[in-house]
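The sequence and the 3D structure come first.

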Amino acid sequence: MTTASPSRPTRPVRFGQPGHAPAPVTTEVDGVALVFEGGGMRGTYTAALVQVMLEAGLAFPWVGGISAGSTHTVNMVSRDLWRTREAFVGLPADPEAGGWGSFVRGQGYFNSEHIYQHTSLPNERIPFDWPSFAASTCTVRIGAFRCDTGEMVYWGLEDMDELADLTVRCQASSSMPVLMPTVHIDGVPYLDGALGPTGGFATDAALADGYERMLVVSTRAAGYRKPAERRPGAYRRLFRRTPAVAEGIIARPAGYNRTLGWLEEERRAGRVYLYQPERMPIENGELRYDRVSSAYEMGLVQARRELPRILEFLGVGSAG
């Protein structure tokens, strides 16, 4: 988490409904799940891959994500090229998005209630195309951690009747412990899905739905492993009323590293394409516009260069 004070861009900010149709589908992918890892603003880099896949006309039968990966998930399913970029690159332009002032006020380093529940209507900053999303025939999975029981919960389109049902679930999936408040849905407390047993990958949900082949989009470079938590006692004291949260935080590095090891084995077996940034130029809490926009452009370069290899894995040849 960066501690630098966020700088705000001087560029014009685009408000309101962009007024364009969803990206057309030209290639239906068969039998491959699309899984997005979270990572806060590191998702800026991988949002560029979402853009490139939408431009290529790809549509997957299963799309799921955790934390920032839930944002990729909903933008991919609604096929919104404009929002795919703006949901990340436009965030530093929003004075209510977060920062340490927001944290001190009790709203969280990222003001998740504002970001997820007060930006997506047609007259708000990054309007969401709910009709296109709701009309999708693909299986959608958004994961969050249940604080009272320690269970991982995945929601799908069947759990959502309106936009508010979606946005609060994305908020819950993305609310990092300590840095952001707990989110309640139907009286149940939730936090970031990265506290679950996979450490932040919705691979368990894809397997449960019968998918053995996956395109997994990570926000960490190859070779990364998460170090063990150095202060488990502090977390147990901080979350003494919800011990499952403390244990989720403490166990996360082992779960994350175990999942990465499994993904690398599955890649060698040809069942997984693991997309990893060649270099991650920003941290998960970055809110400086110049660094965020630069990360997106770097992500575009890699995504466009790597697309042919992704298409070969998907077995669809040249898309678009």
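The second largest pocket draws at least two lining residues from each of β3 (58-59) and α2. The model is predicted.

**Second largest pocket**
- The space in the second largest pocket comes to about 230 Å³.
- The pocket is lined by 16 residues, and Ala59, Val77, Arg79, Ser136 and Cys138 are the closest to its centre.
- Helix α2 gives the largest share of this lining, three residues.
- The lining of the second largest pocket consists of 10 nonpolar, four polar and two charged residues.

**Largest pocket**
- The volume of the largest pocket is about 950 Å³.
- Its lining has 30 residues, with Lys226, Glu229, Tyr235, Arg252 and Asn284 the closest to the centre.
- Helix α10 (residues 243-268) supplies three residues, the largest share of the lining of the largest pocket.
- This lining comprises 14 nonpolar, six polar and 10 charged residues.

**Cavities**
- Two cavities of 30 Å³ or more are present in the structure.
- The largest cavity holds about 330 Å³ of space.
- Around the largest cavity are 24 lining residues, and those nearest its centre are Thr71, Ala87, Ile115, Tyr116 and Ser174.
- Two or more residues of this lining come from each of α2 (68-78), α3, α5 (112-117) and α7 (163-174).
- Helix α7 provides four residues, the largest share of the lining of the largest cavity.
- In the lining of the largest cavity, 15 residues are nonpolar, seven are polar and two are charged.

**Helices α1 and α2**
- Helix α1 (residues 43-55) and α2 cross at roughly 15°, and their axes come within 10 Å.
- Because of this angle, α1 counts as roughly parallel to α2.
- The crossing of the two helices is right-handed.
- On the α1 side the contact is formed by Gly43, Thr46, Ala47, Val50, Met53 and Leu54, and on the α2 side by His72, Asn75 and Met76.
- The contact of α1 with α2 has five nonpolar and four polar residues, and no charged ones.

**Helices α3 and α11**
- Helix α3 (residues 81-89) packs with helix α11 (residues 289-314) at an angle of about 145°, and the axes are 10 Å apart.
- From α3, the residues in contact are Thr84, Arg85, Phe88 and Val89; from α11, they are Tyr289, Val292, Ser293, Tyr296 and Glu297.
- Of the residues in the contact of α3 with α11, five are nonpolar, two are polar and two are charged.

Note on methods. Residues numbered from 1 in each chain as written. Predicted model: local features only at pLDDT ≥ 70, side-chain atom pairs only at ≥ 80, totals over all residues. Heavy atoms only, no water. Axes fitted to C-alpha atoms, helices over the stretch in contact; angles between N-to-C directions. Contact = heavy atoms within 4.5 Å. Nonpolar A, V, L, I, M, F, W, Y, C, P; charged D, E, K, R; others polar. 1 Å grid on protein atoms, 1.4 Å probe; cavity = no way out; pocket = protein on both sides within 12 Å on 5 of 7 lines; lining within 4 Å. Points joined across faces, edges and corners; volume = space filled by probe spheres on them. Parallel < 35°, antiparallel > 145°, perpendicular 65-115°, else oblique. Left-handed = near helix turned anticlockwise from the far one by under 90°.
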